[in-house]
Each structure stands twice: as C-alpha cells, then as structure tokens.
There are 2 protein chains.
Amino acid sequence: MKLVSPGEAAANTNDIPAEADEEFVRIGEMAKKYGVTLRTLRFYEDKGLLNPHRDGSTRLYTRRDKARLKLILLGRKVGFSLRDVKQMMDLYDPSGTNTKQLRLALDKSEKQLSRLQKQRALIDDAIGELSNSMSVVRQMLIERTAAPQASAAG
Amino acid sequence: MKLVSPGEAAANTNDIPAEADEEFVRIGEMAKKYGVTLRTLRFYEDKGLLNPHRDGSTRLYTRRDKARLKLILLGRKVGFSLRDVKQMMDLYDPSGTNTKQLRLALDKSEKQLSRLQKQRALIDDAIGELSNSMSVVRQMLIERTAAPQASAAG
DNA sequence: CGCGCCTTTTACGTTTACGTCAATCCTATA
DNA sequence: TATAGGATTGACGTAAACGTAAAAGGCGCG
C-alpha cells in the first residue's frame, strides 16, 4: 500500500514548498508547523493519539493527522490529560452522529472546568498569602536597616 | 543527651493528653496535629527540612520543629518547592538580623508571585477556550438530536 | 505470653509528558 | 564517495512529593 515514493515526496518538498496542497508531510515539517518536537509526535503516536501512514519506516502525516494534532493541542491547552484526549478521540466515528463522543467530551469538559475554577481559587488564595508574607518581610527588612541608627522604643 | 525516658514520654501521652505544654511529641501526634502523614514528616527530615531530637531511634518534635513545619506548609501552599523552602530556612541564624534570609525570601517571593500570576492568566485562558468548546459541542448536540425530525434547510 | 499499636529503616513504585542520548539507516548533494 | 541532514527504534532520565510495602523492634495491657 505504497502511496508516494520517497523520492517523490522529497522532491515535492524541495520543488514546490509553497504549493499548499501537499498530501503528506514528514515528521520534521509536521513538528515545525505545530511547534512541537519530534519526540512529542512519536510519543503521541506511541500513546495511540496519532496514526500517520508509513513509507517504509518513515512517518507521513496527512490532513487527518493535522486535525487530530490540533485537537490534542487544544485539549492540552485546556488541561486535559492525554489519556482523556485519547478517550474522546477514540469515540470518533466518521459514519455516525458521534453523540456519545460529544456527550463524553461535554462531561469531561464540565469536570475540567470545575477543576480549573478550583485551581484558580487556590492560586488566588496563594497570591493573597504570598502578598501578605511579602509585606511582613518587607517590614522586617525596613526595621532591620533603619532601626540601628534611631531606635526610639529600645 | 537523653532528655526524656521513653516510658515517661509514653506515660505523658496517656496520662495528660490535654496538658498543652508538652515539650516533645512523637511522630504520630505531630502528623495528626498538622494534617500530614508520617511519611511526609520523615521525608522532610530526609530532605533536611526538619531535625527532630531523638530518644534512641524515636523522633521527638519540639516547638522549634513545629514552627519550621508551619513555615514549610505555608511555603508549600504558596507554591514554593521544598528545595526553595530549604534554601530559605538554611539561611536562618538566631543570632543575627537575618537580612540575607529575608532578602532571599523576598526575591523568591517576587518570582513566585509572577509565576502565580502567569498561571492564573493561563488558567483564565483555558477556562475561556474550554467554555467556547463547550458551547460548540452543546450546539452540535442540539443539532444532532433535534434535526432528524424537522430539517428545514435540507 | 500474645496481641495490637506505634515506630523504625530501606527501598522500590507512582504520575505525566516528554528530554536526551545512542546506535543505526537512508538519501540527496557536492 | 564522503558527508551532512533527517529519520528510525530503544531505553534510561527527569521532576515532586510522597505512597506503599516489607521486615523488624518496643511497649503496655489483659
């Protein structure tokens, strides 16, 4: 099931780099395009999140893989674990309405949203406590640098 | 340098549990008092954050250890690493003004504060994106459940 | 005397998302 | 043909803060 000869793919990359309709890209180009490392792409594949075609041993990524990667990156951005992302993606069925997938996504999203809100509360709390401590420390420093000269209360 | 015999300490725990002025507490009581596990206390000691006395092999925690633990827990709460906490604590000198310690603490605090603020921005961002996605998904679900009956636009 | 409870040390396991070699292979190019 | 540039798999390393046995010692109580 060989779709493109390696020479052809390589030539394509060299000849018409702006001819946007390239079917396949190799891992290096894919990585640059989405700002991830090669390791990351291989890792995602290892975890079953991506499934690029192969030309021999060389990975070839298609539009489909790009769409999936975009979803992964979005998921990562909003704080889903890769496992969650995989769970949701695994439910995708191009021949159906994907109701189950959507419901799962919504369910997970609600939970994640509340997690994020809790996190934000924790961070706000931490910011408050830290600011307090900083005031105290600043005050201590003032006393320690200004007092030795004019200590009134002794 | 044995300060309290084991029998005495044990008796103390059994006889007068409410007599607040106990000099030493063992690891179990310490853990309960501060809501941490035994493992945590031993871990902190292993990392050089605590230094309880010993009666034989039994750890005995004093007021000083309690104060240090409080600081550790505060540091943890505001997001410092244990390493940071240790660095700051290590500068403590009961016979000086501790200016260096205070300056380091303030410096680290400023950095941590900006980290926290960045984190909060990221979280707010994530919340926004997630909310958007959820709207989209909800809309898709509506279309998939309501449309099959009355699809006007075909 | 045996039981249960507390304590000890040692040391490997957990989680997540990759980083960082290492050794090897293939290919286009000068 | 030598070399540089990508690509491959495999596998150990990292960070943080503990969790979780495992095996053993000590103590008071009934």
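User: In this predicted model, what makes the largest nonpolar core a core, and which residues have the most contacts inside it?

Analyst: A nonpolar core is a set of buried nonpolar residues joined through C-beta atoms within 7 Å. The largest such set here has 17 residues. Those with the most contacts inside this core are Tyr44(B), Leu49(B), Leu50(B), Tyr61(B) and Ile72(B). At least two residues of this core come from each of α6 of chain A, α3 (38-46) of chain B and α4 (63-77) of chain B.

User: Which residues does Tyr61(B) touch, not counting residues up to four places away in sequence?

Analyst: With that exclusion, Tyr61(B) touches Phe24(B), Val25(B), Met30(B), Pro52(B) and Lys66(B). There is also a second, separate core of 16 residues, which includes Val25(A), Leu49(A), Leu60(A) and Val85(A).

User: Why is Glu23(B) called partly exposed?

Analyst: A residue is buried with 20 or more other C-beta atoms within 10 Å and exposed with 12 or fewer. Glu23(B) has 13 such atoms within 10 Å, and it is therefore partly exposed. Glu23(B) is found in the loop between α1 (6-15) and α2 (27-34) of chain B. The C-alpha atoms of Glu23(B) and Leu60(B) are separated by 8.9 Å, although these residues are 37 residues apart along the chain.

User: What makes up the contact between chain A and chain B?

Analyst: Each side is counted separately: 27 residues from chain A and 27 residues from chain B. On the side of chain A, α4 (63-77) and α6 (99-146) each supply at least two residues, and the largest share, 22 residues, comes from α6(A). By class, this side has 15 nonpolar, 7 polar and 5 charged residues. The same surface serves both copies, as 100% of the contact residues of chain A recur in chain B.

User: Which residues are closest to DNA strand D?

Analyst: Of the 19 residues that surround DNA strand D, the closest are Arg26(A), Gly28(A), Arg59(A), Arg39(B) and Leu82(B). The residues of this surface divide into 6 nonpolar, 7 polar and 6 charged.

Definitions and conventions:
Residues numbered from 1 in each chain as written. Chains lettered and ligands numbered in written order. Predicted model: local features only at pLDDT ≥ 70, side-chain atom pairs only at ≥ 80, totals over all residues. Contact = placed C-beta atoms within 7 Å. Helix = DSSP H or I, 4+ residues; strand = E, 2+ residues; numbered from the N terminus. Nonpolar A, V, L, I, M, F, W, Y, C, P; charged D, E, K, R; others polar. Near = placed C-beta within 6 Å.
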